[in-house]
Amino acid sequence: MSNEKIYQMDFSKVYQLLIDKAVKKGRTKDEVYEVTCWLTGYSRQELEQMFDGTLTYGEFFQNAPELEKKRDLVKGVVCGVRVEQIEEPLMRSIRCLDKLMDELAKGKAMDRILRK
């Protein structure tokens, strides 16, 4: 799938899939929100309001209030690609969230996920 297709995906649909994945693995919706808020700087209320709009996944990251500085500590493989080797900033942010959700689903402790 091309980067442009990923950027144009509907935010609410993609985010619901992330929530469903975490819940299926025994984590909570609150934990998904916590990780997303940490990475992007959005509040939970702002995230919940985005479900009603027509926001794209790319716009979600482009409009993020403040991307977490420690996001560079997120390393590993997502979709066959090493996160730390992705040069395009927008795609790297998207894959960082994917990797964090993978860690959440695998049962890692929140302190480790949030790089504390």
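In this predicted model, helix α2 passes α3 in a right-handed crossing. The axes of α2 and α3, the latter spanning residues 29-40, come within 9 Å and cross at roughly 125 degrees. On the α2 side the contact is made by Y15, L18, I19, A22 and V23, which meet K29, V32, Y33 and T36 of α3. Sorted by class, the residues of this contact are 7 nonpolar, 1 polar and 1 charged.

Helix α2 also packs against α6. Here the axes come within 8 Å and cross at roughly 20 degrees. This makes α2 roughly parallel to α6, because angles under 35 degrees count as roughly parallel. The crossing of α2 and α6 is right-handed. From α2, residues L18, K21 and A22 take part, and they meet L97, D98, M101, D102, L104 and A105 in α6. The contact of α2 with α6 divides into 6 nonpolar, no polar and 3 charged residues. L18 and A22 meet residues of α3 and also residues of α6.

The remaining pair to describe is α3 and α6. These helices pack at an angle of about 145 degrees, with their axes 11 Å apart. Helix α3 passes α6 in a right-handed crossing. The residues of α3 involved are E31, V32, V35, T36, W38 and L39, and their partners in α6 are S93, C96, L97, L100, M101 and L104. By class, this contact has 9 nonpolar, 2 polar and 1 charged residues. V32 and T36 of α3 meet α6 and are also among the α3 residues that meet α2. On α6, residues L97, M101 and L104 meet α3 and likewise meet α2.

The largest pocket has a volume of about 280 Å³. Its lining comprises 15 residues, and those nearest the centre are V14, L18, C79, R95 and D98. The elements that give two or more residues to this lining are α2 (11-24) and α6 (89-105). Helix α6 gives the most, with 5 residues. The lining holds 11 nonpolar, no polar and 4 charged residues. L18 and D98, which lie among the residues nearest the pocket centre, are also part of the contact between α2 and α6.

Note on methods. Residues are numbered from 1 along each chain as its sequence is written. This is a predicted model: local features need pLDDT of at least 70, side-chain atom pairs count only at pLDDT 80 or more; totals for chains, interfaces and linings use all residues. Side-chain values use heavy atoms; hydrogens and water are left out. On a 1 Å grid over the protein atoms alone, a cavity is a set of points where a 1.4 Å probe fits but cannot get out, and a pocket is an open set with protein on both sides within 12 Å along at least five of seven lines; lining residues have an atom within 4 Å of a point. Grid points are joined across faces, edges and corners, and a volume is the space filled by probe spheres set on the points. Helices (H or I, at least four residues) and strands (E, at least two) are DSSP runs, numbered from the N terminus. Ala, Val, Leu, Ile, Met, Phe, Trp, Tyr, Cys and Pro count as nonpolar, Asp, Glu, Lys and Arg as charged, and the others, Gly among them, as polar. Axes are lines fitted to C-alpha atoms, for helices over the stretch in contact, and angles run from 0 to 180 degrees between N-to-C directions. Angles under 35 degrees count as roughly parallel, over 145 as roughly antiparallel, 65 to 115 as roughly perpendicular and the rest as oblique. A crossing is left-handed if the near helix is turned anticlockwise from the far one by less than a right angle, and right-handed if clockwise. Contact means heavy atoms within 4.5 Å.
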